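Q: I would like to go through this structure with you, one topic at a time. Shall we start with the helix packing?

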Amino acid sequence: MHREKTPADKLKQIDQDFGWIDRISWLMDNQFKIGGFRFGLDPLLNLIPLGGAIAGFGTSLILVLAMWRNGASPKLVIRMLLNISLDAILGSIPLLGNLLDFFSKANEKNIKLLRQHYYEGKHTGSGIGIIITILIVFFLLISVTLYLIWIFFSWAFSLLNGV
């Protein structure tokens, strides 16, 4: 028979999961130190084309899913997914992405968000505002891109008509 977890059991589970998530986050973003500069396995893995990016994103995604399982709010999960997605997108830019990976630490940002959520009560709610904002920005980017393509082809055809 499955018994319902008490609030104390839930808090203990969150603390336990938060501990291993914090350790993996440290490994991925801050494990090594050269001078005053810290970095982790994430930028080193991203030196391996495609495989490193998949490994880094997959590890970060597992961390987000583990906290979602422990009752992280939808708003928090969306913000964390945005962090790891942005890190993956920036990291996929050839050469520049490899440099950015040493400075963009999505897991560290997510740990900060998790601490604020679980221990300070922040980042609660549905997250619908974030989703709407993303959709608006995405729509604007597509619109501007299509408009610029239209201008380019209009200009190119006007050059061809002038010949």
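A: Helices (H or I, at least four residues) and strands (E, at least two) are DSSP runs, numbered from the N terminus. Please note that this is a predicted model: local features need pLDDT of at least 70, side-chain atom pairs count only at pLDDT 80 or more, and totals for chains, interfaces and linings use all residues. Residues are numbered from 1 along each chain as its sequence is written, and side-chain values use heavy atoms, with hydrogens and water left out.

Q: How do the axes of α3 and α6 cross, and within what distance do they come?
A: The axes of helix α3 (residues 51-69) and helix α6 (residues 106-120) cross at roughly 5 degrees and come within 11 Å. Such axes are lines fitted to C-alpha atoms, for helices over the stretch in contact, and angles run from 0 to 180 degrees between N-to-C directions.

Q: Roughly parallel or roughly antiparallel, then?
A: α3 and α6 are roughly parallel to each other. By the convention used, angles under 35 degrees count as roughly parallel, over 145 as roughly antiparallel, 65 to 115 as roughly perpendicular and the rest as oblique.

Q: Changing topic: how many salt bridges does a search of the whole structure find?
A: The search finds two salt bridges, each defined as a side-chain nitrogen of Lys or Arg within 4 Å of a carboxyl oxygen of Asp or Glu. In one of them R115 pairs with D22, and the closest N and O atoms are 3.2 Å apart. R115 lies in helix α6 and D22 in helix α1 (residues 7-29), so this pair ties together parts that are 93 residues apart in sequence.

Q: What about the relative accessible area of R115?
A: R115 is partly exposed, with a relative accessible area of 36%. The classes are buried for under 20% relative accessible area, exposed for over 50%, and partly exposed in between (1.4 Å probe, protein chains only).

Q: And which side chains meet E120 in a salt bridge?
A: The side chain of K122 meets that of E120 (3.5 Å, N to O). K122 has a relative accessible area of 41% and is partly exposed.

Q: Now the backbone: what is the phi of L95?
A: L95 is not a glycine, yet its phi is positive, about 60 degrees. L95 sits in the loop between α4 (74-91) and α5 (96-100). At 68% relative accessibility, L95 is exposed.

Q: What is T124 in contact with, leaving aside its neighbours within four places in sequence?
A: T124 is in contact with S73, K75 and H117. T124 also lies in the loop between α6 and α7, and is partly exposed at 46% relative accessible area. T124 and V77 are 47 residues apart along the chain, and their C-alpha atoms are separated by 9.9 Å.

Q: Let us turn to the surface: which residues form a nonpolar patch there?
A: The patch is formed by F138, I142, L146, I149, F152, F153, W155, F157, L159 and L160, with about 1100 Å² of accessible area together. Patches are made of residues with over 30% relative accessible area and no salt bridge: like charges are joined within 9 Å, and nonpolar side chains (Val, Leu, Ile, Met, Phe, Trp, Tyr) within 5 Å. Accessible areas come from the Shrake-Rupley method with a 1.4 Å probe; for residues, only the protein chains shown count as cover.

Q: Where is I142 placed?
A: I142 is in helix α7 (residues 128-162). With 37% relative accessibility, I142 counts as partly exposed.

How values were computed: Contact = heavy atoms within 4.5 Å.
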